[in-house]
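Thank you all for making time this morning.

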Amino acid sequence: MFKVLVSDPISDLGIQKLMDAADVSVDKNPGLSEDELVAIIGDYDALLVRSQTRVTARIMEAGKRLKVVGRAGVGVDNIDLPAATQRGIIVINAPDGNTITTCEHTFAMMMAVARHIPQAYLKTVSGEWDRKSFLGVELRNKVLGVLGMGRIGSEVAKRAKAFGMEILGYDPFLTEERAEKLGVRLSSVDDIVRNADFITVHTPLTPETRHMISRPQFEVMKKGMRIVNCARGGLIDEAALVEAIDQGIVAGAAFDVFEVEPPAADHPFLTNPKIIVTPHLGASTVEAQENVAIDVSEQVLNILRDIPFINAVNMPPIPANVLNILQPYFSLGEKLGSFVAQLTEGAVEEITVNYAGELAEVDTQPLTRYIVRGILSHHLGADQVNVVNSMHLAKERSVNIVVQKSHIARDFTNLVTVSLRSKKVERLVAGTLLTGYGQRIVQIDRFPVDVAPEGNLILISHHDKPGIIGNVGSLLGSNDVNIATMQVARELAGGSAIMVLTVDKVASKEIISELVKLPDLIKAKEINLL
Ligand SMILES: NC(=O)C1=CN([C@@H]2O[C@H](COP(=O)(O)OP(=O)(O)OC[C@H]3O[C@@H](n4cnc5c(N)ncnc54)[C@H](O)[C@@H]3O)[C@@H](O)[C@H]2O)C=CC1
Ligand SMILES: O=C(O)C(=O)COP(=O)(O)O
């Protein structure tokens, strides 16, 4: 039974799929402190959070069973990603489900700050009919600067057009072509800062974006501009904003997010009449909360059930066209890695992967992660290594990874060859997918073979002499080990040869040492690919 802890308020409807799963039990326990989480996290396989829970390295260290942290939303700045990667904890988010909701909140904030709605509301409900203090401005014909033209920024731009605004956009990934499609003028930060009547920020908080709007930017802004932050506290320098309001540069600001959340009781924003605030409500609609919870629950369920996943925050994304080519090879790659690791004696120093055929045309890094996972799992334990941390663990152990590519794959469409070098030996295995036959190992060291990489295998090296096959068969038979398939390969008649057997049950160590005593048999090694 997998145990999932939900430590922030997450939509019940959205996590229904998890709650209904027969193999999952869900505990909802929002609002725990770090110490309280550290005390209980050891029992859980998955943790579901929003932005409130800070998932620290301490929590992850205590989460000995923790496989996945699911963020029901976009921002993962509350999760220690390097610590997660190091421990092989997969971090996933739900980036699409709250885009429209957050965009609409941004618009609500922009209109509220243009028309002083919260301030007017407060006066009206207090019994004062004040129609003089709240003269607003129209959005029509105003210049809106959008910093960060990703999902939310682009949706804001689309809606701003309908309001008759002129839009300047900046994003390192915004192309001229896309800007034109969105009806946005591609601009620089400086352009936007100097010319906008309204600025809205929609970037993540990174060392580069931290205080992207600070004193030097406020100094050159149009007098009377208004600014909105429904992305992340810290993008706009809070102290510099208060100064810019005092200097009459900024006429109004609308903030949904703060550098420290919740803000201290004496935070200057809370008493400034020109600043309106909401408590990080950007994603808080029924629809968005259901969407993100559904997305994250599905992914968490797949990860817990070991169904290959394609996207994680702590792993580079795989484009769909590349995934189509690579995905069928993920399981084969892992098995080839495991196979060659079981053959190799001594500490692995170098892994060489050769991709031949169509595979050579695409970015094969995701497949390499599976191969390395297969190799390292043999030594470190399958529960310790996954595709998120496999490369990191190899690097940590100074294992050199060499990737080679060639367009010619002998007679196959694709061929994946994995060699391992240790101080003692160099071993090699190659595999492919054959239409109608599935996964095949087609080469072991220098011997061509045709073996399905599954189940219990015994690899025997021997001299090519008559009687060997019979002797091996009789010994295994007399020990009640049934041979399902057998392959023999040799270099030259009478030279060195190998035999690969698939057996129905694991042959004990004693049987393997009996095999080695047979005449002309050099080595026998059991390989498990379950
Ligand atoms: N207030 C709230 O409740 C919510 C806040 N958010 C936050 O909103 C922000 C945007 O979210 P999405 O649009 O979904 O993310 P996104 O990843 O689709 O867009 C972010 C964009 O920022 C751009 N960017 C990065 N560095 C930049 C820079 N120096 N200058 C300009 N652009 C830069 C990126 O290229 C990307 O296109 C995130 O910080 C997210 O955490 C998201 C949902 C709800
Ligand atoms: O999705 C995001 O990045 C958000 O900031 C939303 O945060 P929340 O899930 O409402 O705590």
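Let me begin with the shell around ligand 2, whose residues divide into 3 nonpolar, 8 polar and 1 charged. Please keep in mind throughout that what you have on the screen is a predicted model. The residues that surround ligand 2 are Arg50, Ser51, Gln52, Ala72, Gly73, Val74, Gly75, Asn98, His280, Gly282, Ala283 and Ser284.

You will find His280 in the loop between E12 and H12. Is His280 buried, exposed or partly exposed? It has 19 other C-beta atoms within 10 Å, and therefore it counts as partly exposed, given that a residue is called buried if 20 or more such atoms lie within that distance.

Now to ligand 1, which is surrounded by 31 residues, the closest being Gly75, Gly148, Gly150, Ile152 and Gly282. Two elements, helix H5 (99-115) and helix H7 (151-162), are the ones that give two or more residues to this shell, and H7 gives the most, with 3 residues. By class, the shell around ligand 1 divides into 13 nonpolar, 13 polar and 5 charged residues. From which domains does this shell draw at least three residues each? The answer is domain 1 (2-95 + 287-304) and domain 2 (99-277).

Since H7 has come up, let me stay with that helix for a moment. Its 12 residues should span 16 Å at 1.5 Å a residue, and its end C-alpha atoms are 18 Å apart, which agrees. Among the residues of H7 that are buried are Ile152, Glu155, Val156 and Ala160, and what covers the buried residues of this helix includes H5, strand E6 (143-147), strand E7 (166-170), helix H8 (176-182) and strand E9 (198-201). Just after H7 comes Gly164, which takes a positive phi of about 75°.

Let me step back to the chain as a whole, for which the domain assignment gives domain 1 (2-95 + 287-304), domain 2 (99-277), domain 3 (318-453) and domain 4 (454-530). The centres of domain 1 and domain 2, taken over C-alpha atoms, are separated by 32 Å. The contact between these two domains takes 5 residues from domain 1 and 5 residues from domain 2, and on the side of domain 1 that touches domain 2 there are 2 nonpolar, 1 polar and 2 charged residues.

Next, the interior. In soluble globular proteins, nonpolar side chains tend to be buried together. Here the largest nonpolar core has 92 residues, and those with the most contacts inside it are Val4, Leu47, Leu48 and Val416. Helix H12 (residues 286-304) gives the most to this core, with 8 residues. Apart from it lies another core, of 52 residues, among them Cys103, Leu144, Val250 and Ala254. If we leave out residues up to four places away in sequence, Val4 touches Leu18, Val24, Val26, Tyr44, Asp45, Ala46, Leu48 and Val300.

Helix H12 itself has 19 residues and reaches 27 Å from its first C-alpha to its last, close to the 27 Å expected at 1.5 Å a residue. H12 is followed by Asp306, which has a positive phi of about 65° although it is not a glycine. Asp306 lies in the loop between H12 and helix H13 (320-343), and it counts as exposed because it has 10 C-beta neighbours inside 10 Å, where the limit for that label is 12 or fewer.

One more backbone detail is the peptide bond from Glu261 to Pro262, which is cis, with omega near -10°. Pro262 sits in the loop between strand E11 (250-255) and strand E12 (275-277).

I will finish with Ile458, whose place is in strand E19 (residues 456-463). With 23 other C-beta atoms within 10 Å, Ile458 is buried. Which residues does Ile458 touch, not counting those up to four places away in sequence? They are Leu501, Val503, Ala507, Ala524 and Glu526. Ile458 and Thr502 are 44 residues apart in sequence, and yet, C-alpha to C-alpha, they are 6.5 Å apart in space.

Definitions and conventions:
Residues numbered from 1 in each chain as written. Chains lettered and ligands numbered in written order. Predicted model: local features only at pLDDT ≥ 70, side-chain atom pairs only at ≥ 80, totals over all residues. Near = placed C-beta within 6 Å. Helix = DSSP H or I, 4+ residues; strand = E, 2+ residues; numbered from the N terminus. Nonpolar A, V, L, I, M, F, W, Y, C, P; charged D, E, K, R; others polar. Domains from an automatic or database assignment. Contact = placed C-beta atoms within 7 Å. Core = buried A, V, L, I, M, F, W, Y, C linked by C-beta atoms within 7 Å. Expected span 1.5 Å × (residues − 1).
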